[in-house]
Amino acid sequence: MDAEDIAAVARFRERLAAGEEELVPAAMVARLIGGENPVKVWREHRGMAARALAEAAGLSQAHVSQIEGGKRDGSVRAMKAIADALGITIDDLV
């Protein structure tokens with residue numbers, strides 16, 4: 001490891017300690033890589049029911065269910081609202 005790598009790890013640890021980063025379990029990563037819907041994976045990781053996510057995002061439960069089931073693409077507005085409700089960035093969902 002060189003000085004640049006050491007500095008990057010130190011910055012990550014500082015962001016992690018400040019709550020600006022989080023560690024994601026390997027099982028969750030495997031689900032995402034396996035093609036599961038990221039909204040559902042993140043929602044379950046957060047321990048949220050679909051109804052709670054819908055309410056927090058200002059969407060109907062049917063809308064969230066359709067996005068999770070792949071029956072409906074989420075608009076940018078809807079995906080941003082879901083990401084905010086899950087405490088992640090929209091990039092984590094798309």
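Guide: One definition to begin: Ala, Val, Leu, Ile, Met, Phe, Trp, Tyr, Cys and Pro count as nonpolar, Asp, Glu, Lys and Arg as charged, and the others, Gly among them, as polar. This is a predicted model, where local features need pLDDT of at least 70, side-chain atom pairs count only at pLDDT 80 or more, and totals for chains, interfaces and linings use all residues. Residues are numbered from 1 along each chain as its sequence is written, and side-chain values use heavy atoms, with hydrogens and water left out.

Visitor: How many helices does the protein chain have?

Guide: Helices are DSSP runs of H or I with at least four residues, and strands are runs of E with at least two, numbered from the N terminus. Along the sequence the pattern reads α-α-α-α-α-α. The chain has zero strands, and its helices number six.

Visitor: What is the radius of gyration of the protein chain?

Guide: The value is taken over C-alpha atoms, and the globule rule is 2.2 Å times the number of residues to the power 0.38. The C-alpha trace spans about 50 × 25 × 25 Å along its principal axes. A compact globule of 94 residues would come near 12 Å, but this chain has 16 Å.

Visitor: How far apart are the end C-alpha atoms of helix H1?

Guide: The expected span is 1.5 Å times one less than the number of residues. For the 15 residues of H1 (residues 3-17) that gives 21 Å, and the model agrees: the ends are 21 Å apart.

Visitor: Is Glu68 buried or exposed?

Guide: Glu68 sits in helix H5 (residues 61-68). Buried means under 20% relative accessible area, exposed over 50%, and partly exposed in between, with a 1.4 Å probe and protein chains only. Glu68 is at 14% relative accessibility, so Glu68 counts as buried.

Visitor: Which residues does His45 touch, not counting residues up to four places away in sequence?

Guide: His45 lies in helix H3 (residues 38-45). At 30% relative accessibility, His45 is partly exposed. With contact meaning heavy atoms within 4.5 Å, the residues touched are Glu22, Pro25 and Met28.

Visitor: How many residues in the lining of the largest pocket are charged?

Guide: A pocket is an open set of points on a 1 Å grid over the protein atoms alone, where a 1.4 Å probe fits, with protein on both sides within 12 Å along at least five of seven lines; lining residues have an atom within 4 Å of a point. The lining includes Glu20, Arg46 and Asp92. It divides into one nonpolar, three polar and, for the charged, five.
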